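Work through the exercises below with the sequence and the 3D view side by side. Try each task before you read its solution.

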Amino acid sequence: MRIISYVEAGAPRLGVMTGDDTFAAVAELDPGLPNTLDALLTLPDGLRRLESKASGATGKHRLADATLGFLLQQSHGFWALALNFKTHIQETGLTTSDKYPQIFLRVPTSFVPPNAPLVAPPPEVARAFDYEGELGVIIGRSGRHIPVERALDHVAGYCAVNEGSVREFQRHNRQFGLGKNFEQSGSYGPWMMTADEFGDPAKHGLITRLNGIERQKAPLDDMLFSVAQVINYLSIGYTLQPGDVIAMGTSGALPPAADDKPGNDLAAQVREKPIPGSVHMRPGDTVEVEITGLGVLRNPIVADLPATYRAAPASTPAPA
């Protein structure tokens with residue numbers, strides 16, 4: 001199954017894709033099922049029940065007419081990996097452990113839904129706003145101390161991720177921190193494809209396009225640590241929860257395109273060694289992350305407001 005989250009009358013709804021451009025509403029298939037993927041994944045038989053109802057269903061709704069929402073309303077934890085593709089390690093010249101994956105966290109406000117705009121920082125704040133196409137792993141079954149050989153049993157499905165990064169701030173400290181969590185800098189979706197349909201992640205590939213030009217293209221078996229190994233590692237210290245997401249890291253850049261303009265590559269003030277072919281996302285661009293066999297996550301890029309002081313209105317004291 002490919003499960004989408006969409007917005008109807010201001011509320012989240014779930015749908016099951018019945019073709020490339022049609023879907024069936026979960027509420028119409030089974031009114032007793034939840035309206036969010038978060039809640040569905042907490043049901044021990046949620047996916048099986050939905051699959052039985054969706055089998056042979058005809059989609060009454062057009063994907064083009066729907067507004068896609070957050071695939072998960074509030075993921076319990078959104079984990080991400082650094083330096084997990086061998087090509088990315090080679091191009092950066094950075095060192096990493098071959099025993100322990102480099103893992104960090106992203107906050108919910110750093111993401112937007114599929115098709116919604118990613119927000120590029122004002123140029124006076126940062127210029128190196130960069131795509132990172134990645135495979136997203138969505139946990140469907142809780143577990144602690146999960147052995148590698150049973151790790152994939154805990155996966156509900158997969159999605160595409162654009163783990164947008166603000167490089168100047170990422171390099172302010174070793175924790176990456178704020179540079180990986182600018183507001184509305186990343187996205188994931190457009191749906192969750194269940195693990196049984198997606199199959200072995202290592203047999204798929206990753207493609208990232210900026211304005212239609214391929215900027216990343218790599219097989220997923222180029223990962224230093226596999227999905228199963230990362231699940232095993234995380235679960236040593238943390239009980240993985242349904243709705244947790246793991247972004248599996250990004251690949252190296254392709255060589256420069258024939259019509260690339262000088263000055264849009266990763267600048268020397270951001271990296272000591274600029275990476276040929278790796279370019280920034282700019283307002284007016286469109287970025288696409290495709291996982292072969294799964295689908296395409298698409299987002300336009302818009303400009304943030306100028307860097308001026310912004311504060312929420314002060315709260316009004318309640319009457320005495």
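**Exercise 1. Count the aromatic pairs, then classify the pair of Phe111 and Tyr188.**

Start with the rule. Rings of Phe, Tyr and Trp (its six-membered ring) pair if their centres lie within 6.5 Å; planes under 30 degrees apart count as stacked, over 60 as edge-to-face and the rest as tilted. The count comes to 9 aromatic pairs. Now take Phe111 and Tyr188. Their ring centres are 5.3 Å apart and their planes stand at 85 degrees, so this pair is edge-to-face. It links distant parts of the chain: Phe111 belongs to strand β8 (residues 111–112) and Tyr188 to strand β14 (residues 186–194), 77 residues apart. Helices (H or I, at least four residues) and strands (E, at least two) are DSSP runs, numbered from the N terminus.

Before going on, note the ground rules. This is a predicted model, where local features need pLDDT of at least 70 and side-chain atom pairs count only at pLDDT 80 or more, while totals for chains, interfaces and linings use all residues. Residues are numbered from 1 along each chain as its sequence is written, and side-chain values use heavy atoms, with hydrogens and water left out.

**Exercise 2. Are Phe111 and Tyr188 buried or exposed?**

Apply the cut-offs: buried means under 20% relative accessible area, exposed over 50%, partly exposed in between (1.4 Å probe, protein chains only). Phe111 has 5%, so Phe111 is buried. Tyr188 has 4%, so Tyr188 is buried. Ring pairs also join Phe78, Phe111 and Tyr188 into a cluster.

**Exercise 3. Find what surrounds Asp30.**

The side chains of Asp30 and Arg49 make one of 2.8 Å. A polar atom of the Asp30 side chain also lies 2.9 Å from the backbone nitrogen of Gly32. Last, check contacts, meaning heavy atoms within 4.5 Å. Setting aside residues up to four places away in sequence, Asp30 touches Arg49 and Lys53.

**Exercise 4. Is Gly32 buried or exposed?**

Gly32 sits in the loop between α1 (26–29) and α2 (37–42). Its relative accessibility is 54%, so Gly32 counts as exposed.

**Exercise 5. Which strands does β3 pair with?**

Two strands pair if DSSP finds at least two bridges between them. β2 (residues 11–17) and β3 run antiparallel, joined by 3 bridges. They form a hairpin with 4 residues between them. Here Val16 stands opposite Ala24 in β3. β3 is also joined to β4 (residues 61–62), antiparallel, by 2 bridges. Phe23 stands opposite His61 in β4.

Methods
A polar contact is a pair of N or O atoms within 3.5 Å; within protein, one must be able to donate a hydrogen and the other to accept it, and residues adjacent in sequence count only if both atoms are side-chain atoms.
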